[in-house]
Each structure stands twice: as structure tokens, then as C-alpha cells.
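The following report describes selected features of a structural model.

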Amino acid sequence: MVAISGNDTGSYGDDKPSFFARWFYSTNHKDIGTLYLIFGIISGLIGGFLSFMMRMELGEPGIQFFTNEHQYLVFVSMHGLIMIFFMVMPALIGGFGNWFVPIMIGAPDMAFPRMNNLSFWLLPTALICLLVSFVLPGSASGDGFGGGWVMYPPLSTSGSPGPAFDFIIIGLLAAGFSSIFGAINFITTILNMRAPGMTMHKMPLFAWSVLVTAFLLLLALPVLAAALFMLFTDRIDGGTGFFDPARGGDPQMFQHLFWFFGHPEVYIMILPAFGIISHIVSTFSKKPIFGYLGMAYAMVAIGVVGFVVWAHHMYTIGMDVNLKAYFLAATLVIAVPTGVKIFSWLATMWGGSIRYTIPMQWALAFIFLFVIGGVTGVVLANAGVDTALHDTYYVVAHFHYVLSMGAVFGIFAGFYYWFGKMFGIMYNKFLAAAHFWLFFIGVNVIFFPQHFLGMNGMPRRYVDYPADFELWNHVSTMGAMITLLGVVFFFLMLIEAFIVRRKVGDNYWGEGATTLEWTLSSPPPYHQFNTLPRIDEDPTEHDADKMH
Amino acid sequence: MAGHAVEHDYHLIPPSPWPLLSGLAALVWGTGMVVFFAGLVQRTGDNNMMEFFFSKGLDTWSSTLTGDGSVSGGWIILLIGCLFASFVMYGWWRDVARESAAGDHTPVVDIGLRYGMIMFIMQEAMFFVGWFWIFFETSLFHKFRASWNTDVLPNAADYATNIAPGVTSVNAWHLPLMNTLILLLSGTTVTWAHHALIHGDRKGAKWGLFLTCLLGFIFIGIQGLEYAELFHERGEGVAPWLANTAYGSAFFLATGFHGLHVLIGAIFLLVCWGRLMKGGLRSDKHFGLEAAAWYWHFVDVVWLFLFAFVYIVFATGP
């Protein structure tokens, strides 16, 4: 995408600090990125375990594994919180963002390397707070918090009086501050540290996606922090009454504050994946991305419009019909920039020299599955339809198609795309392909039948269901087992790759990979770009030349 | 390995213990918050040690006021967390000041610090958007809520005419007006200090900053005085109190978080004053002071919104 001259090919001092200082006191964006990725994998295992237990439970009617409904709901709530705040966000933004945004814009490190590490070290603190809540008194029915990841009062106030939920509030505040500091860091890095000649309109799309994401984090998370403080003081005896109708408060107000954060949050999770997919599709079609500026500003548009659509999560609270009409229309508007992105990816592949490598397979699957999730999103955006489908498995299927198959496929696509760059070694293609196909088939078998369950009226967040729903639930649970096998192959792939250590070159994807990370060694030197790269040519002209 | 000189002006930082320690401090502080406000164990008399440290600390405070209740040490963890965090912040910013003095903050790094501070103030502004949002929600739509909630609101009819029936707000033209004038005055003294420093008048800068800090702490003192008065009148249901109505909740948490930010800003300025007294902060390079001044103007503006809406508009009836 970007033409580079004055490549940084010299080898220079690669003196790394001692083990403890390197990994615990780190100020190096690549090491911190690796820490984030390891953290994301650990959280993913915890969150995945929770969801696997839920799926086992729902394999047949009746209560098999859980002691009561409350324990099931604790698993539901914690699965959501852990997957969002501790798996997707750390992996996409903390992991790949830290690793590749500075390199792609030609910077030696992040703008605030120490604060970068603070962003990371707040996350283990936050995760400990969430895990502690499992074993602390929650509601009268048992330990832990079972009010859902959305934490609506009164379930999160008078409904869960124990300290379990207080720890979740503290944990989410810590995770929130981590993301806010990360956002400040990314915005400053991208605005202030681009290499000479790299104007905003020459910047790689992944950097664009992280820039938009960082602004969403910066503007949305403080509102969540305020809402969490309100919950915290509402829960104290003799405390505030923000969400208590008997004192003139309003529990619906929490939903507004929460979704004002929560809707930008879904774009926070998907935009970096958009950026990664753009690079992969371009690389393996051996063509520059189609409509670069349109792609960049589509993400900006998604970010801006994403702030004014939040109440489509709350159609059933009894809001005014005019308000519903507005939120419906605004929500459908988001389909336009999203469509720009999808069609630009297709147009990039059109006439390209396509290679079906492992990352390309994940990227193609991402496009296919994200479109399915997007289409069901258009269905749910309609207030009238949503009244029937609200809180059914149709919604569960929808947001797992965009997250569990959108964001997560984006993470795996990026992981396989940059695996050699990050660790200097290549994975075994058979194990990686087995991981992809098992995962692809598995998640579809889990979630596609959930559309049918939702259309038939099966509600979310119940530990049990009538026997009529058994068939598709059974199929869904089979899918969970296939996915688990896929996860096993992911770890086999990792173990094998780190034992065999097949070394890779600087640009192991060849001609299509044009961003700055491919000019560096694999793995890159401890501090790259001691001499800053210069970006001189107009990328569109250059790429047009290359195509002839 | 062959050496290769660094030819850029960015600031690469050696490994630092402060981020990890910040994470640990946050864990201790968070545990302290939960123990103090919620308590991890119930008071049963079975295990005095556990109950002293891990039972709710707030009960003891309110029972101390009424004269009964047992001793609780829940606040100790919170205090340790606060001290831990303060120690980390001291060490971290001491390092930053030293790096600045050592010339690590080149022009491009200086611009980065400015971007960072602007972004930080933006997120602070969004935090207050949350508090104003709930305030405007309760004050603009109380009529609708009154008609929905007739079964839970004890005096629904009264809520149709007032966001907090039976509550008379603080007189805006008394202590709050004085606080407004104090903050506005402190905005001028900090600008005086800044311009004095630019023109090399270090004595004027020291006085300007000292007065700004003093005015900041006077503001907090007056706010405390107002809270103390409201606390004594809370039972009568005429003064806004955080527990009596949603307006009282919004009043206390919005003004309280603003007060906390004034405290943070005042400490920030005090640190700059200390650096100035020790010979730091050059006339051509003093971003620490500028960032503190930006922050100070930000809390000033938030106060003007609070004064206009939470104090004046409520008193005249929205």
C-alpha cells in the first residue's frame, strides 16, 4: 500500500534487558504486544470454558451440570465480560495494535512506552477482580454475579447485594482505565509519530482502524465509568438513588448510559479486525486495496454514526415510537459504510492473483460470516421485528456471528498473517488448516441453528427449555465440541511451531505485502527504525505502475 | 552486534517498575474500596481478626456518629492502597521530571505530551457528560416518570411539578457563588503565573502559582463546609442529600467528582510550584505547568456548568 525508500536494513544493537525487567518492567511495544496476546489467549481459555459448560448444559432439556439457574447465569455474565474486555480487546487493540501500529507508521515505539505497560498491567488486576467474584457472595441464590454482562439495575443493585458485583465494578473500572490510557497512547502515536512523508492518507488501513477505535474508546469508556460509579454508590446502604424509582431515579437511565458506551464498544471490537482483513485481502490478492480512501473514511463514518444508535438495544423498554423510528433509521445508515467495506474487499479480490493461504482463509471466512451477522443485524435493527426477537437466541446468533466469527476470525487471521513476523517462525500448514476448518465448521454448527431457535421464540439466559427446542440445541452443542477440537489444534499448532522453529525471511508473503513491517527482519529488531524510513511516492501511482 | 546510532528524536524509555506497581496498587486500592463500602465478610463474632479487616467499614463510621457499633479496620486496606498509589505516582512523575531536565523531551516528544494531555482532558469531559446526562434526565423527564411510577413513588403527584419534591436546593447566591468567584479568580492567577514564567519573572510565577493552589484548596474547604451543612440538615428532608432523592444523588456525585478533580488539579499545580521553588521549569520549556493550567481551566468550566444547572436552574425550578 505504501512505497518505501531508504529501507532500514542495517543490523544494530539488539541488547535486550534481563528476563524480569524485559517482561515485567517492559517499555517495548513489541514485548507488551506479546504480553497482551498471551493474556488474551489465557482469558479466551477461561471465557471459552464458561461457554463450553453452558453449551454442555443446554445439550438437552433439564438441568445437568449446574447446581441452579443462578450459577448458569453467572457463567453467562462472566463469559460475556471476559470475552469482550479480556480476550477480544486485549488481543486486537493491545496485541496487534501494539505490535504493528508503530511499525506500520514507521515509528520506533509508542508515544508513551511506560503508560503502554500501565495499560497492560491494569488488565491482570482487572481479571483477578472478575475471577474473585466467582467465589464471593452475590445474590441470595448463590455466589457470583448473574445479572448479565449488561449489568442492568435492579439486578445489579438490590438484586445482587453481595460483594461479588462490587469486585466486578472495580475490575471493569481498571479495564476501562487500561483502555483509556491505551487509546491516548495510540492517538498520540498515530498523530505525532508517523514517518517522514507518511501523510494520514498514506497511512495503512490497520493504523486507521486503530485510530478510529482509540477515539471510540476515549469517548465511550468514561461514560461507562460514570455509570459504574453510579451502580457502586447505589449499592451502598444509605447511598444514592440514581436507579431507584422510589426516589425519583430511573433504572432505564442506566441502560442509556450503558449502551452509549456499549454500542461504540461493538465497533471497538470489530474495527481493528476490519483493518487486519484489509491487509490480508490485499496481500493475498496481490493488489492494493480497492478504494483506500473510501475504506478509511467508511471506518470513520462507522465510528461517528456508532455513537448515535445506542437505543436500538433497548427497543422494548417502552420508548416513544418516534424515538424508535430515529434509532431504526440511524442504525440502518451504518449498513452503508459497512457495505462500502465489504464490497471494497470483494473488489480488491476481483481480478487479483489470489492465494488461499491460512490467513486468507480466515479473512474470506470473516467476510462471509460477518455478512451473515450483518444481515441479521439489519433484521434486528427494525424496532417492530425486534419486539418479537428481543432477548431470543436470534440475537445471540446475530452477535456471535459478528463477534465470535467476526472479531475472533479477525484475531486468528491477524495471528496467522503476522505469526512469522512476530516470532520469526512458520506454523505447520496442516495443523493450521485443521484449526481453521474445525473452527469454521464448529462455530457455524453452534450458531446457525440458534437463528431457528430464536425465530421459534427460545429466550436467552435460561438454563432449561421445553423439549420442542431440543433438536437444534443438540446440534448447537455438537458444534461446541467440534470447536473445542479446533482449539486443541490451535494449541498443537503453537506447540509444534515453537518446537520445530522453521525460520522465515523478512517478507515471507512476497510481493503483495507492502507495509513497513515487511521491510524489517522476522522478528523485528528490539528497537526498529533507528533511522526513520521515508515514504515519498504517491501509493496509488506506484501501485498502478506495479499492476502493468 | 554492529552498532547503529539512533537518528530520531523520539524518547525511548528504559524498563520501568512503575506500571507493574501501579497495577498492584490498583488491586490493593480496589480491594479496599470493596471492603470499605461493601465488606467481604459478615460480622458474626466468630473470627475477630477476619471481621476487623474484611467487614464493611462504612457501618462503623455511621455508628460512630450515632454512638454504637463495633470497631472495623476495613479502611486500612483502602488507606494502604491510596498510599501505595501515591508512592507510585510520586516515583513515576519524579522520573518524568528528571527525564525532562535531562533533555529527553525533544520538540516532537513535547508535542506528543500535548496531544496526550488534550486526549486526557477529552476523556475527563466525557466522564462529566455521564453525570450531567443523569442530572438532565432526572430534571427534564420527572413528569413522565411520575406518571409511570405511581405505585413506587410515595408522592407521585409532587414529582410531576418538581424533580425533588420537598427538597430545597442550596442557595446558589451564597457559598456556590463565592466558589464560582474563587475558581474564576484562580483561573487568572494561574495565567499570571504562566506568563510571568514565560517572561522570566520567576518570583511572580511562584506567587501566582502559590495563590492558585491556595484558592483551589479554599474552594475545596468551602465545598466541604457546604457538604457538612447539608449533612446536618439531611434528616429533615429539605436539604439535598445523596440518599433522599435522585436529584440529591446527582447533586452530590456530580459536585463531589468535580471537587475530586479540583483536588487533583490543585495537587498538580502544587507539584509544579514545588518544582518551580526547587529551580525547575524553564521559561522556554515548562509543559508540566501548561498541562496543569489546561486541567485547571477544564475543572473551572465544569464548575460553571454545575453552577448554572445544578445550583441556579434547580433553585428556580426546571
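In this report, a residue is buried if its relative accessible area is under 20%, exposed if it is over 50%, and partly exposed in between, with a 1.4 Å probe and protein chains only. By this criterion A:Tyr416, at 0% relative accessibility, is buried.

The model is predicted, so local features need pLDDT of at least 70 and side-chain atom pairs count only at pLDDT 80 or more, whereas totals for chains, interfaces and linings use all residues. Residues are numbered from 1 along each chain as its sequence is written, chains are lettered from A and ligands numbered from 1 in the order in which they are written, and side-chain values use heavy atoms, with hydrogens and water left out.

**Aromatic pairs**

Rings of Phe, Tyr and Trp (its six-membered ring) are paired if their centres lie within 6.5 Å; planes under 30 degrees apart are stacked, over 60 edge-to-face, and the rest tilted. Over all chains, a search of the whole structure finds 103 aromatic pairs. One of them joins A:Tyr416 and A:Tyr427, which is edge-to-face because the ring planes stand at 85°, with the centres 4.9 Å apart. Helices (H or I, at least four residues) and strands (E, at least two) are DSSP runs, numbered from the N terminus. A:Tyr416 belongs to helix 12 (residues 393-423) of chain A, and A:Tyr427 to the loop between strand 3 (425-426) and helix 13 (429-455) of chain A; the two residues are 11 residues apart. A:Tyr427 is also buried, at 2% relative accessibility.

In chain B, B:Phe52 and B:Phe53 form another edge-to-face pair, with 5.0 Å from centre to centre and 85° between the planes. Here B:Phe52 is partly exposed at 28% relative accessibility, and B:Phe53 is partly exposed at 27%.

Two packed helices are described by the angle between their axes and the distance between the axes. Axes are lines fitted to C-alpha atoms, for helices over the stretch in contact, and angles run from 0 to 180 degrees between N-to-C directions. Angles under 35 degrees are roughly parallel, over 145 roughly antiparallel, 65 to 115 roughly perpendicular, and the rest oblique.

The axes of helix 7 (residues 251-285) and helix 10 (residues 358-381) of chain A come within 9 Å and cross at roughly 125°, so these helices are oblique to each other. Contact means heavy atoms within 4.5 Å. The contact includes A:Phe274, A:Ile277 and A:Phe284 of helix 7 and A:Phe366, A:Ile367 and A:Phe370 of helix 10 of chain A. Nonpolar residues are Ala, Val, Leu, Ile, Met, Phe, Trp, Tyr, Cys and Pro; charged ones are Asp, Glu, Lys and Arg; the others, Gly among them, are polar. The residues of this contact are 13 nonpolar, 1 polar and no charged.

Helix 7 of chain A also packs against helix 5 (residues 107-140) of chain B, at an angle of about 155° and with the axes 11 Å apart. These two helices are therefore roughly antiparallel. A:Met253, A:His256, A:Leu257 and A:Phe260 of helix 7 of chain A meet B:Met126, B:Gly130, B:Trp133, B:Ile134 and B:Glu137 of helix 5 of chain B. That contact divides into 6 nonpolar, 2 polar and 1 charged.

Helix 7 of chain A also holds A:Glu265, which is buried with a relative accessible area of 0%. With residues up to four places away in sequence not counted, A:Glu265 touches A:Ile84 and A:Met89. The C-alpha atoms of A:Glu265 and A:Leu221 are separated by 8.4 Å, although the residues are 44 residues apart along the chain.

**A histidine in helix 13 of chain A**

A:His451 lies in helix 13 of chain A and is buried at 6% relative accessibility. Its contacts, not counting residues up to four places away in sequence, are A:Ile372, A:Thr376, A:Tyr394, A:Ala397, A:His398 and A:Tyr401.

**Backbone geometry**

Most residues other than glycine have a negative phi, and most peptide bonds are trans. The table lists departures from these patterns.

| Site | Feature | Value |
|---|---|---|
| A:Pro153 and A:Pro154 | cis peptide bond | omega about 5° |
| A:Ser522 and A:Pro523 | cis peptide bond | omega about -5° |
| A:Phe529 | positive phi | near 55° |
| B:Leu281 | positive phi | near 60° |

A:Pro154 is in the loop between strand 2 (142-143) and helix 5 (163-192) of chain A. A:Pro523 is in the loop between strand 4 (502-503) and helix 15 (539-547) of chain A, and A:Phe529 is in the loop between strand 4 and helix 15 of chain A. A:Phe529 is buried, at 0% relative accessible area. B:Leu281, in the loop between helix 10 (246-277) and helix 11 (287-316) of chain B, is buried at 6% relative accessibility.
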